[in-house]
Amino acid sequence: MAVELCIRYRINDALQKAESPPKYLQDDIIRRLKIMSNMNIAETRVPQYGRIQFSVKGKDFDIRVTLIPTSHGESIVLLLLGNE
């Protein structure tokens with residue numbers, strides 16, 4: 001059984017599944033998110049927490065990043081917060 005790279009998002013309590021990129025990109029995507037959120041890219045066995053801050057059209061946004069090790073690699077949860 002092949003494990004796929006799964007991307008899901010929740011809007012107003014409704015969970016949606018997005019079209020997934022190819023599985024071979026998983027490590028590159030996780031590595032990039034770790035770098036952007038100032039996490040240790042070499043550590044894969046312990047949970048890590050970070051954040052990404054950015055602005056769009058004068059509005060500030062904050063993405064809280066949680067990385068959790070699993071038996072199939074690493075799982076990442078992103079929480080998008082807007083400062084109003």
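What follows is a set of questions and answers on a predicted model.

Q: Why is Arg31 called partly exposed?
A: Its relative accessible area is 37%. Buried means under 20% and exposed means over 50%. The value for Arg31 falls in between, so Arg31 counts as partly exposed.

Q: What makes Asp28 and Arg31 a salt bridge?
A: Their closest N and O atoms are 2.9 Å apart. The cut-off is 4 Å between a side-chain nitrogen of Lys or Arg and a carboxyl oxygen of Asp or Glu. The pair is within that limit, so the name applies. Both residues lie in helix α1, three residues apart, about one turn of the helix.

Q: Why is the contact between the side chains of Arg31 and Asp28 also called polar?
A: The distance is 2.9 Å. A polar contact needs N or O atoms within 3.5 Å, one able to donate a hydrogen and the other to accept it. The side chains of Arg31 and Asp28 therefore make a polar contact.

Q: Is Asp62 buried or exposed, and how do you know?
A: Asp62 has 4% relative accessibility. Buried means under 20%, so Asp62 is buried. Arg51, its salt-bridge partner, is partly exposed at 39%. Their N to O distance is 3.3 Å. Arg51, Asp62 and Arg64 are linked in a network of salt bridges.

Q: What makes Phe54 and Phe61 a stacked aromatic pair?
A: Two values decide. The ring centres are 5.5 Å apart, and the angle between the planes is 20°. Rings pair if their centres lie within 6.5 Å, and planes under 30 degrees apart count as stacked. Phe54 is partly exposed at 33%, and Phe61 is partly exposed at 23%.

Q: How do you know that β3 and β4 pair?
A: They share nine bridges in the antiparallel sense. At least two bridges are needed, so β3 and β4 count as paired. Gln48 stands opposite Leu67 in β4.

Q: What makes β3 and β5 edge strands?
A: The open sheet has the order β3-β4-β5. β3 and β5 each pair on one side only. The twist averages 20° from one strand to the next. Helix α1 lies across β3, β4 and β5, at about 45° to β5.

Terms used: Residues numbered from 1 in each chain as written. Predicted model: local features only at pLDDT ≥ 70, side-chain atom pairs only at ≥ 80, totals over all residues. Heavy atoms only, no water. Buried < 20%, exposed > 50% of the residue type's maximum accessible area, 1.4 Å probe, protein only. Helix = DSSP H or I, 4+ residues; strand = E, 2+ residues; numbered from the N terminus. Axes fitted to C-alpha atoms, helices over the stretch in contact; angles between N-to-C directions. Contact = heavy atoms within 4.5 Å. Phe/Tyr/Trp six-rings, centres within 6.5 Å; stacked < 30°, edge-to-face > 60°.
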